[in-house]
Amino acid sequence: MATLPVFRWRLAPDGYATRRQLRAQGLRPGGQCVAAQLERPRRRRGPLVAYLYRVDLAKPVRPMTPGRWAALAKANAARRICPACRRDAGYVIPTSLGMCVPCAYPDPADSPRSA
């Protein structure tokens, strides 16, 4: 099994890029294997590792089709609907709450008072 070349942080040669760098150039790895890795040393833990891909083997990003746009819009709309009151909250429901803010923190002034 061949080992990957390892480069120090910010010292990778030209022709290699991370996934984010490829995406910024309008490219994707396109099924190629990881070509190298970067390591950034840390004091008390293991090093941070970033995987590098060869830019010359990268493929262009596939364009969004109307079906993909529709599916993405539907998924984002589902993230905005409160499961408790079934209303569109107008924002993405926080996963930490699991419901819209008015349902998670009801206003005590709106509830009927007990005597």
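**Strands and their neighbours**

Author: Strand β1 (residues 6-8) and β4 run parallel, joined by three bridges. Strands here are DSSP runs of E with at least two residues, helices are runs of H or I with at least four, and both are numbered from the N terminus. Two strands pair if DSSP finds at least two bridges between them. Within this pairing, Arg-8 has Glu-39 in β4 as its bridge partner.

A word on the source: this is a predicted model, where local features need pLDDT of at least 70, side-chain atom pairs count only at pLDDT 80 or more, and totals for chains, interfaces and linings use all residues. Residues are numbered from 1 along each chain as its sequence is written, and side-chain values use heavy atoms, with hydrogens and water left out.

Now over to β5: five bridges join β4 to β5, and these two run antiparallel. There, Ala-36 stands opposite Leu-52 in β5. Strand β5 covers residues 48-54 and includes Tyr-51. Tyr-51 is partly exposed, at 45% relative accessible area, because that class lies between buried (under 20%) and exposed (over 50%), with a 1.4 Å probe and protein chains only. Together with Leu-4 and Val-49, Tyr-51 forms a nonpolar surface patch with about 250 Å² of accessible area. Patch members have over 30% relative accessible area and no salt bridge; nonpolar side chains (Val, Leu, Ile, Met, Phe, Trp, Tyr) are joined within 5 Å, like charges within 9 Å. The areas come from the Shrake-Rupley method with a 1.4 Å probe, and for residues only the protein chains shown count as cover.

Next, the loop between β3 (27-28) and β4 (36-40), where you'll find Gln-32. Gln-32 counts as buried because its relative accessibility is 16%. Leaving out residues up to four places away in sequence, Gln-32 touches Tyr-53, Arg-54, Leu-57 and Ala-58, a contact being heavy atoms within 4.5 Å. A polar atom of the Gln-32 side chain lies 3.0 Å from the backbone oxygen of Arg-54.

Arg-54 also has a side-chain partner: it meets Asp-56 in a salt bridge (2.8 Å, N to O). That term needs a side-chain nitrogen of Lys or Arg within 4 Å of a carboxyl oxygen of Asp or Glu. Arg-54 is partly exposed at 34%, whereas Asp-56 is exposed at 55%. The count comes to two salt bridges, and Arg-80 with Asp-88 makes one of them, at 3.2 Å, N to O.

Conventions: Polar contact = N/O pair within 3.5 Å; in protein donor to acceptor, adjacent residues only side chain to side chain.
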